[in-house]
Amino acid sequence: YTGTYTAGPYSTPSTLTLESAPLPFIFVTMYMLGTFVIYAVLLLIAVSLSRGHGQTVVHVGAVAASQAYELARHSGQIGADAVSSIPPFVGGYNWGEVLGFYRRLAAASPVPVVAYYIPVLTGQAFTVGQMMELMDVPNIIGFKCTDMNIYLEQRFLARLPADKILYHGADELLAFGLAMGREAWIPAAPA
């Protein structure tokens with residue numbers, strides 16, 4: 001897709017070019033850089049271009065939880081295979097609030113949800129038991145663990161139900177993750 005777009009009435013028109021790559025697993029990770037409508041249109045284009053090239057997982061994390069819920073609904077309606085989201089963290093949230101967020105996101109999403117565990121970014125470190133409680137939420141298929149603590153990731157893996165996925169997230173430790181039996185990786189930076 002190549003087209004011209006204008007972000008606002010006083011903006012200079014710009015050219016937008018999106019190319020799909022035949023990757024086995026494509027992650028569409030566009031953060032809120034513009035308005036919700038622009039983001040929704042970009043998602044439609046990206047998901048459309050990704051068809052036939054693997055599964056498409058749209059990251060719907062937003063500062064406002066209501067936007068994450070709406071983006072999850074939209075992503076499912078336009079053909080995404082799943083959605084993912086970081087937990088709310090700006091201003092500090094406790095475990096009950098994070099669990100409540102993911103319950104609402106999973107209920108709002110017509111497609112499966114991948115949760116995130118990134119304590120270095122969120123400042124929220126949760127127990128193995130808490131993360132397994134999250135895995136009991138209907139429509140959550142797994143979570144991305146981005147932590148330099150390989151021991152903790154191994155403990156998550158040992159307790160993870162067989163029908164759930166633990167995505168490895170620490171790019172610097174990918175070799176260790178693979179050695180532990182990780183079958184899935186969500187890179188933190190563009191590959």
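Student: Which residues of helix H5 (residues 128–135) are buried, and what makes a residue buried?

Tutor: Val128, Met131, Met132, Leu134 and Met135 are buried in H5. Buried means under 20% relative accessible area, with a 1.4 Å probe and protein chains only; exposed means over 50%, and partly exposed lies in between.

Student: What covers them?

Tutor: The cover includes helix H3 (95–108), strand S6 (113–117), strand S7 (140–145) and helix H6 (150–159). Contact means heavy atoms within 4.5 Å.

Tutor: A word on the model. It is predicted: local features need pLDDT of at least 70, side-chain atom pairs count only at pLDDT 80 or more, and totals for chains, interfaces and linings use all residues. Residues are numbered from 1 along each chain as its sequence is written, and side-chain values use heavy atoms, without hydrogens and water.

Student: What makes strand S4 (residues 55–59) mostly covered?

Tutor: Four of its five residues are buried. A strand is a DSSP run of E, at least two residues.

Student: How do you know that S4 pairs with strand S5 (residues 82–84)?

Tutor: Pairing needs at least two DSSP bridges between two strands. S4 and S5 have three, and they run parallel. Val58 has Val83 in S5 as its bridge partner.

Student: Why is the crossover from S4 to S5 called right-handed?

Tutor: The chain crosses from S4 through helix H2 (residues 65–77) to S5, a right-handed β-α-β crossover. Right-handed means that, with the strands pointing away from the viewer, the path from the first strand over the helix to the second runs clockwise.
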